[in-house]
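Q: I am new to this structure and would like to learn how to read it feature by feature. Could you show me?

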Amino acid sequence: MNLTLILCIAAALVGLFLFLKYRTAKEWQISSSEIPTLITKLRSSPGPLAWAQLISDENDGLALDYAVNNGQFEFNWCLLCPKNIEDKGRFIEFLDKHGYAHTEIKAANGCPLIDVQGSDLEGLANRVLSEMYHSTGSLRMLGEGFEWP
């Protein structure tokens, strides 16, 4: 089997897993320019947890995760998506270059993540999209715990 086919199968399995696990999550199409509005919505969420995963189909399923968990704003690099796994080293180099601290953790649901700490987490997704991937295209957004738009 070639690598592309294996990655497509893995992405399909991850997608199925996420669909079954988060089948109550809503899905929208947004542009990268709407990320600041998304962050405002996440931060004003009334519940203990609000999250959004931004998926760039333009970049082979790259996934960028924002959450507010018990009042704490978070940016995470999910290590379930094939593109995120493939680019893990490149992402860590990007974080180090720009002064972000990072820790590899497992979320409560068992998902392996790179948890990112530092200033301007709000702008990190757009920096990753523009500087690492030279992209400002449309994103699929999955999420729950907040109102959109």
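Q: Let's begin with the rings. How many aromatic pairs does a search of the whole structure find?
A: A pair of aromatic rings is described by the distance of the centres and the angle of the planes. In this predicted model, the search of the whole structure turns up 5 aromatic pairs. Take Tyr66 and Phe73: their ring centres are 5.4 Å apart and their planes meet at 25 degrees, so this pair is stacked. Both Tyr66 and Phe73 are buried.

Q: Is the pair of Tyr66 and Phe75 stacked or edge-to-face?
A: Look at the angle again. Between the planes of Tyr66 and Phe75 there are 75 degrees, with 5.1 Å from centre to centre, and the pair is edge-to-face. Phe75 is buried, as is Tyr66.

Q: Which residues do the ring pairs link into a cluster?
A: Follow the pairs from ring to ring. They join Tyr66, Phe73, Phe75, Trp77 and Phe91 into a cluster.

Q: Which ring does Arg43 lie over?
A: Here we look for a charged end above the face of a ring. Arg43 lies over the face of Phe73, 4.2 Å from the ring centre. Phe73 is also the stacked partner of Tyr66. You can find another case at Tyr133, where the charged end of Arg90 sits over the ring at 4.8 Å from its centre.

Q: Now the cysteines. How many disulfides does the structure hold?
A: The structure holds 0 disulfides. Cys78 is in none, and its nearest cysteine sulfur, in Cys111, is 3.5 Å away. For Cys81, the closest cysteine sulfur is that of Cys78, at 4.4 Å, which is too far for a bond.

Q: Are Cys78 and Cys81 buried or exposed?
A: The value to read is relative accessible area, and under 20% counts as buried. Cys78 has 3%, so Cys78 is buried. Cys81 is at 7% and therefore counts as buried too.

Q: Let me try a helix. Which residues of helix 5 are buried?
A: Helix 5 spans residues 124-132, and its buried residues include Leu124, Ala125, Val128, Leu129 and Met132. Because these residues cover an arc of only 140 degrees around the axis, they are on the same side of helix 5. After helix 5 comes His134, which has a positive phi near 50 degrees.

Q: Where does Asn59 lie?
A: Asn59 is in the loop between strand 2 (49-56) and strand 3 (62-69). Its relative accessibility is 10%, so Asn59 counts as buried.

Q: Which residues is Asn59 in contact with, leaving aside its neighbours within four places in sequence?
A: Asn59 is in contact with Lys83, Leu129, Tyr133 and Ser135. Leu129 is one of the buried residues of helix 5, and Tyr133 carries the ring under Arg90. Asn59 and Tyr133 are 74 residues apart in sequence, yet their C-alpha atoms are 7.4 Å apart in space.

Q: Finally, the whole chain. How many helices and strands does the protein chain have?
A: Count 5 helices and 7 strands. Along the sequence, the pattern of the protein chain reads α-β-α-β-β-β-α-α-β-β-α-β. Among contacts with a separation of 6 or more, 62% come from residues 24 or more positions apart. Of its 149 residues, 42% count as buried. The protein chain exposes about 8,000 Å², and carbon and sulfur atoms supply 57% of that area.

How values were computed. Residues numbered from 1 in each chain as written. Predicted model: local features only at pLDDT ≥ 70, side-chain atom pairs only at ≥ 80, totals over all residues. Heavy atoms only, no water. Helix = DSSP H or I, 4+ residues; strand = E, 2+ residues; numbered from the N terminus. Buried < 20%, exposed > 50% of the residue type's maximum accessible area, 1.4 Å probe, protein only. Contact = heavy atoms within 4.5 Å. Areas by Shrake-Rupley, 256 points an atom, 1.4 Å probe, with all protein chains shown as cover. Disulfide = S-S within 2.5 Å. Phe/Tyr/Trp six-rings, centres within 6.5 Å; stacked < 30°, edge-to-face > 60°. Lys NZ or Arg CZ within 6 Å of the ring centre and 35° of its normal. Arc of directions from axis to C-beta.
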